[in-house]
Each structure stands twice: as structure tokens, then as C-alpha cells.
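Visitor: Please take me through one part of this model closely. Then show me what lies around it.

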Protein chains: 2
Amino acid sequence: MVKIYDTTLREGAQGRNISFTLQDKINITLKLDEFGVHYIEGGWPSSNPKDLEYFKRIRDYALRNSVVTAFGSTKHKGNSIHSDPSLNAIIDAEVEVATLVCPASKFHAEKVLKIDAQTHADMVYDSITYLKAHGIDVIFDAEHFYLGYKLDREYALGILKVAREGRAMAIVLCDTNGGSLPQEVYDATKCVTSNIRGEVGVHCHNDGGLAVANTVFAVIAGASQVQGTINGFGERCGNADLCQVIPTLELKLGIRTISRGDMYKLRHLTRLSRYVYELANIPANPYQPYVGEYAFAHKAGIHVDALSKTVEAYEHVDPALVGNVRSITVSELSGRTSIVMKANELGIEVGEDEPRISNALKEVKDLECKGYQLENANATLTLILLKHLGKFEKFFEVQSWKTVTEGKDQEVVAESSVKVKVNGETMYEIAEGLGPVHAQDLALRKSLVKYYPEVKKVSLTNYKVSVIDTGFGTASTVRVYVEFSDGKGSWATVGVSTNILEASKNALIDGYLYFLHKAKGIIR
Amino acid sequence: MVKIYDTTLREGAQGRNISFTLQDKINITLKLDEFGVHYIEGGWPSSNPKDLEYFKRIRDYALRNSVVTAFGSTKHKGNSIHSDPSLNAIIDAEVEVATLVCPASKFHAEKVLKIDAQTHADMVYDSITYLKAHGIDVIFDAEHFYLGYKLDREYALGILKVAREGRAMAIVLCDTNGGSLPQEVYDATKCVTSNIRGEVGVHCHNDGGLAVANTVFAVIAGASQVQGTINGFGERCGNADLCQVIPTLELKLGIRTISRGDMYKLRHLTRLSRYVYELANIPANPYQPYVGEYAFAHKAGIHVDALSKTVEAYEHVDPALVGNVRSITVSELSGRTSIVMKANELGIEVGEDEPRISNALKEVKDLECKGYQLENANATLTLILLKHLGKFEKFFEVQSWKTVTEGKDQEVVAESSVKVKVNGETMYEIAEGLGPVHAQDLALRKSLVKYYPEVKKVSLTNYKVSVIDTGFGTASTVRVYVEFSDGKGSWATVGVSTNILEASKNALIDGYLYFLHKAKGIIR
């Protein structure tokens, strides 16, 4: 078995663009515990007050599978052991296990820490034994070990031996600058596991794009603890992605990690990955191995029938094992089924053979041919179905619209007018905006609000433009994608035209129509 | 030496969300040629008319380093060799080298192709010799080889031998489902290179997060051709990322690829990566090894002074070697140098310490802060420098402009007027277009043509819109990127605004101004 040590909350949070609130950290801890990692590195108590608070708060939760650890460096060379703030913050965090980091490299000792070998050894030994005297088990992160091993093997191994003499419960070999090659990691790890007793772990960075491979090679060489982060979050190019390391060990090498033999646990992997993206507020990488949205997306050319018979011919693992799904581009057959499923979701009963299903499917395909991407524009797709199923309600109709953008004397003004028929009454409104699309939205809202005051709750949360055929310069066709929210749910629409304002207007209209169908209880 | 075979334009374009226009494909071909890859797989001529057109168009360009190849499958079992559309489309493409794909796996032959061993062997042999009889050299992509080797070694090797007997110029081992482990790839590749003479290549997918490692292990086992894509674009989780494979081979294993010994070529890697992202219109992955924006981003905690002394302690390679930059925030000096280099390129002599250099640098930084990406918008950058260096000529000045877009009775009309001062004369013109930006361009041209008839030669070849801050819905800031051509050269501009039409107008103006500076001999 290999133990999984997750450092998403500490080193993952050091990644660029990534930050977690205290509540996020607690939520992720609970998910990681449920998933079954062995250790959760909760934070670096001496580095910021949020982390200190985290350790106080997390004590209130009874974790079932995981041990929460606190991270810190070995004592600073200028401090006496008792007065070292980093070590004392760990003691204050009241954890059972702490992880202490110190370079295991002569070069770093001399050039960065500027200490001699004896001071270095004392620093490691004293820090570990100090925490142990306070009842805390210590995992020793041997920073820059692989580089140190390359530069001065005996020195690097010497530091590990000191840590073992101090009775560190595990010694973790770090590829801190992320530049090692798998064969180098294998050789150095093998040397350690052959010469030093007890648990050895590995901690890799992805600067060479090899963090997963390096981690796997360390395990093959005898490492029995793996450090990494969910989605590979971490400094620079990130840490070893546990979403890739765990299934590789479990499914390809037959090594138990979080499953402890119960393979069902692995099925939470995709959900865990998406959850952590969501809380980090960065878009999920759709191309991510195992857990990405496109990881099992098969192209149109493959006949669905053939694929279903010989699926193992095209997939390296069964997506269900990691909680992901196969996505096959819509074919005539699967298309009908998906249309029916969509209708059922909306609360409408309909049979697969009905002509209105074929008609809806035909329109969907025609639109996709023109550049619509309905897959990600659920609200536009829903409105198309409602029209074909006779459930569409004309809450309003835009009869004409106009936008004027004018630039003069360094100033740019955008205004939009819209004539809308609502409940037999014609509304004619005009608004100014930061740009023409913003003005369109404001004018449309103004027209709708008399009869539908609930549209005030709707806000626009995302707006994207793609050019579909860029071969014709400014005469290109564009696709506009708009996302909406009413505070409770969110939905997205798409519009396509050679005129960006026409495409935007259509996507805006769809967004409000969808919202009204929902608000009036026509769809779920 | 290891040869680099780029399939960004074929397999990369099969990646989800990735599509290239014909003009994009030509532009990328030229960049790849300049960078120095050995082969550029331009497309799959039998799969779509765009690719067929590409092969016609690309013949007009004299490439210096690369050979353009066409991709296709071996003949279909139902076709006679002379009537096979895939093979004949390759012949029509008039390439010197073609790549033919066929499974080298008994399982796939029996279950997917449903053919016996003899038919399989004939299919491979006949297809290769047919193309060779038409004067085309053939690279044989042994699809599913690593899986086939695992399931039935003799059968898989047998197919390779047939390809060699057919005189394929290279045999490429494919990990088509992307699920192999590096050690497996090493063993199977070693077996091939030990048993089969001639050039052996490798083609890996990233489904297990191991494409780079697998590629490197195949090279260590003797492969001398590497297939991959820029940025790892490709189906599902993508192909081996050449932006990671190339520097790993060059910098860590000392194996020459595109550098052919001139290490300076590698410095174009980061620029190439960003350029391909820009044309694919997907955001660059900032965490990407070697070329990502954060790949050498050091956190604030590290003292800059300490870092500069012991930089090798924290970086696995020097970022300059791959054309990337260390970001502790750009140093004043490196910025100045690049401004001076740019001025020299334009034919203007200037010293690094001059205040106008600092001022230009300041403006560049301010604009980049606002969301301009000047790296890929060479023409806009040039105009900024010309202004600071006192070489800018006001060929025309837009005094006011207006666009009106109106939708009524299912019809949408866009028109734009523009008041331009040229040579003391005020031109006031109006034009209709397919959309508001198209109308802007037509009106601007109409105003310029009297004094500058040469603008007739200018055409717009690309237009893209990105939303920079998506958090504010339709009030977002957008970046517009426009590419121009005059038949001899091409240039690109960028405009940024909350108003898409203002951003577009500015990018259009820059495009014509740059052209006129060039046409009048003010810059090279």
C-alpha cells in the first residue's frame, strides 16, 4: 500500500491564481477525508493567521480516514529551539503529525542557508526531537533531495540519516525545482530505500512535465508515501496531480492507496477534482487526464456501434472507475435518446419515435452546423425543445432594435433602443451602456420589468465571443456565449451571426425567455 | 539527433475546442518552419475540403526547414488500391512525404477492422508501395502499437516488418489510447529498435498524464523521430506536448532536435507556444512547463538578491533558454533591452539609457496591464515605439465615427460612418457591412483610398475577440486582435476597450497606419 499525503491546502494554495477561504479549507478537508487520503496538510501555521485559525476550527470535526498535519520549516539557524516561531506555531496548532522541511543538499546548505554540515545536522535533529518531545510525530520533507543527491550524494544521504536518527516517522524525498527525470528519481530513491530503514515518501513538482512519472517511478523504487495536490495545484507548474497519480497506482500498477481494497472509493475522484476547482474559482482543465471533461470524449468518426463493442480498444481505463463519463458526439440514434432525456429532465413526457423529436433533433443539428455550441448553452437548447414540444410561451417579442456607437473627441458613447411587445403592449425603450451589448441588455431589461419585475433578479455573469470562420477578417461569423444567474441557479445561451450585435441580442433574449419559463413554472 | 514531427495542424486540430482557419494553418506552418521542426503534418486531405485547399495553397511557400506531410489511413478493406479515396487524396495533395496510419494490433484487426492477418499485411504493404510508386515517401504510423504489443507481440512486430518491407521511411510506434507506462514504452520500443532496421518514431497520447515521459523513454530506447503537437493539443487529453518534449531532449538529455546544435533556436519556443494558443483562440495554460506564464514565477517570499545569486537552486533550467522569463516581475533592464532590440529591427539606432526608451517601456507596461497583448500584435507595438522615437507619421486621423446596427422584420443592417482627416482634407464616408466591424473597415478604406490608393492591396485575414475580465457580463473588457496582409507580408494589431466597436476601430486604424509606414519606407 502507498499512503496519500495531500498538500492542496498548503502547497496547492501557493499556486498562482489559487486561494481558499477558511471555509473552503474546511470544506475541502472534509471531502478529502471522505475520499480517504491518509494525510491532509492543512496549512503552515506560522505563515498566516488564516492557517492558524484553520487548525483551531478543524479540531471540531471528527475525521474518519485522514490525519490533519501542520507544515513548517526546521528551526532557523539564529533561533534557539525553544524560541523558534515556526516550531512553536506547530505546537500551538495541536496536531498529531507535523511535516518539517529542510534542504537535504550541501549546495543549498552552503549557498542559501549559509551553514556548515554540523549546524545543518543539528538543525534537523533538534527540530524533530523537539516536536516529538511535545508528542508530535514528524514527517521530514527533504527539500531539494534529488538535486542534492546529484551534486553530493553522501551529504544528502547524511541528512536523511540524521532525520531517521531523530525518529522521523517518514522521510520524504523532494524534487523541489521539478527538474528531475524519472530514471534519476528511480535510481536515487532506490538508493535511499536500500540504505535507510522505515517509510520513504516522494514529493514532486511538474516543471519538466514529469511529476506524475517521477512519482510513479519513486513508488516502483520503494517509496510508500506520495505527496501531491488535487488537480496538481502548486507553485510554478504545480505539484504531482493526485488525480493522475492515484488512478495510475490503483488501476495500472495494482497498488492500493485510498481504496484500501474498496475500488468504489475511486469513483469519487472526478467529483473531488471538480469540487476543488469550483472552490478555487478557476475553470476545470477539460483536457486533464482521468478527470477532465474531454478525457473520454470520442470523436464523431468512430461508429458508435463499433465503439460500444470494443470500447476497451479506445479507452485506457473505464471512465466509470474514476467517476468520469464517456462522451460520444451526438449521433442520430444517441441524439434522439438525449433529446428525450432532456425533455424528461424538463418534466415533459415524450416518446422516442415521435416526429417532433426528429424535428427537434434536426434543428439542433442544423444549428450546430451553423456554429452553435448547444452542449454548453443549456438554456438555448431548452427553448428549442420547448418550441418543438409545443410548450414554448411567447413572454415577449422583440420587434425591432437598434444600437448606435459613436466616437468623438476621445469619448465613446453606446446606446441601444429596443421595441418589445409584452402582453399586447408595445414597449419602446432606450439605454446607454459601457458598450453596445451592455446597452442592449439594459434596454431589454427596461422593457420587460413592467410585466416581469422578477427579471431584476437576473444578472449576467459571463460573456464570451468566438469567431467561427476567421478566414474572412471582419466579415467573419461570430458565436456569442452568455451566462446568467438569478442567485439560485445559472444558465447559458448562445447566439450566432455575422453581426456580433445580432448574435448578442439573440443570446440575451434567450436568457430572459428561459428565466421566465422557469419562473412561471413551465419547466423545472 | 531526434527528428521532430509536428501534428498540431492535423491531430491538434482534432482536440476539443480547437479549430484553425485555412489562414491560421498557413501561418502556423510558416512559424513551425522558422522554428525548425523536421515535418509538419498539414492535414488529412480526404477528411475535409479545408485541408485539401491547404495543400494547394502551401505549395506557394518555399519552406526552409520543414517538409509538409499529408495524413491518411491505409486503404479501406473494401477498396481496390487504385480507387481508395484516402490514398488518392494524398496523391492529389502533391506532397513529398505522407503518413499512413493502420493498427498494428491483432485485437484491432480482428475486432474493429474485422480482417485476417493476410488482408492486414496486404493492406499495409500495398498502401505504402502504391504511394511510393507515385513518388511519395511514407511514414508508417503503427496505431495502437504498444497495446497490440502487450496483447500479441509477434503479431504487432509482424505488421511493422511488413511496413519496413514496403520501404516505409520511418515506422512510428503509437500509444493511441494514451494508457501505457514509461517502462512499458521503453521495453517495447527497445524490442523494436533491436529487431527492426531503420528509423523508428514514437507518437504518444496523454490519457495517463505520461505523454512526455513516454516519449522521452522511447527516445532513450532508440526512437529517433518524435511526434507531438504544440501545447499538447489533441484528442481527449491531448498528444505529447512538443513544448515540453523538445526542451527535455535538448536541455536535459543533450539530444539535438530543432536546434541542430544552434541552441538559439530553442529561444523561440515560448513565443511559438503563445502564438498557437492565440490562433486557436484558447487561453494559454499559465502553468505549462517551460513555456507557461508562471513556469518560472517565483513567489514573493524568496529574496530577489538571494535568488539572483543562487538562481540554479530554484530553477531546473534557465528560462531564457526556452524564451521564457523569470517573473519576480520583469526587471527594468531586460525590458529596455527588448525595446532597443525592437527599434534596431525597425532600422532605428537608439541607446539603452535614453529616456525615450524608458517612456516607451512604461507605455508598453501600462498597456499590458490594461489587457493588451503586444507580443502577438507586432504592428501596434511598432506604432507605440515610433511615437516615442519621434518617427511616427500621422498619415490620417480619425476625428469621429459612428456605427448603427438595426434589426427589423427579420433583417439586420449594419452601417458605419467615419470622418477622417487626410492631408488636410476631411473625408466623411459611410458604408454598409455584414456586421458593424465589417462596415467600419469598409468606411475607413473608402476614406483613405484617395490619397493612399495602395490600401486596396490590404486585406483582413483574421479577426478574434477575447473577453478579458469575464466577471461583469456584458460590461466586460474585450480584446480584439486583427491580422492583415498585403500579399507580401502580414501584420497584427490589438485593441482593448469595454466597447467592442471602439476596440475594433482602434485595431483597424493601427493596421492601416502600420501598412502606410511600411509602404512609405519609414520602417523596414
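Guide: Start with the buried residues of helix H9 of chain A: A:Ala211, A:Val212, A:Ala213, A:Asn214, A:Thr215, A:Val216, A:Phe217, A:Ala218 and A:Val219. Buried means under 20% relative accessible area, exposed means over 50%, and partly exposed is in between (1.4 Å probe, protein chains only). H9(A) spans residues 211-220, and nine of its ten residues are buried. Helices (H or I, at least four residues) and strands (E, at least two) are DSSP runs, numbered from the N terminus. Just after H9(A), A:Gly222 takes a positive phi of about 115°.

A word on the source. This is a predicted model, in which local features need pLDDT of at least 70, side-chain atom pairs count only at pLDDT 80 or more, and totals for chains, interfaces and linings use all residues. Residues are numbered from 1 along each chain as its sequence is written, chains are lettered from A and ligands numbered from 1 in the order in which they are written, and side-chain values use heavy atoms, with hydrogens and water left out.

Now a reference point in chain A. A:Val212 and A:Lys50 are 162 residues apart in sequence and 30 Å apart in space, C-alpha to C-alpha. A:Lys50 sits in helix H2 (residues 49-58) of chain A. A:Lys50 is partly exposed because its relative accessibility is 36%. The side chain of A:Lys50 reaches the backbone oxygen of A:Phe20 at 2.5 Å. Not counting residues up to four places away in sequence, A:Lys50 touches A:Phe20, A:Thr21, A:Leu22 and A:Lys25. Contact means heavy atoms within 4.5 Å.

Next, the barrel. In chain A, eight strands close it in the order S1-S2-S3-S4-S5-S6-S7-S8, with parallel pairing. Neighbouring strands are turned by 25° against each other on average, direction ignored. Two strands pair if DSSP finds at least two bridges between them. S1 (residues 3-6) and S2 (residues 39-43) of chain A pair in the parallel sense over two bridges. There, A:Tyr5 has A:Tyr39 as its bridge partner in S2(A). Helix H7 (residues 153-165) of chain A packs on the sheet, and its direction makes about 150° with that of S6(A). Axes are lines fitted to C-alpha atoms, for helices over the stretch in contact, and angles run from 0 to 180 degrees between N-to-C directions.

Cross to chain B. There, 89 residues are in contact with 90 residues of chain A. The area buried between the two chains is about 7,500 Å², with 59% from carbon and sulfur atoms. Buried area is the accessible area (1.4 Å probe) that two parts lose on being put together, summed over both. Strand S9 (residues 397-408) of chain B gives the largest share of chain B's side that touches chain A, ten residues. Salt bridges between chain B and chain A number zero. A salt bridge is a side-chain nitrogen of Lys or Arg within 4 Å of a carboxyl oxygen of Asp or Glu.

Last, one residue in chain B. B:Asn239 lies in the loop between strand S8 (225-228) and helix H10 (242-252) of chain B. B:Asn239 counts as buried because its relative accessible area is 3%. Leaving aside neighbours within four places in sequence, B:Asn239 is in contact with residues including B:Glu11, B:His203 and B:Ala211.

Notes
Polar contact = N/O pair within 3.5 Å; in protein donor to acceptor, adjacent residues only side chain to side chain.
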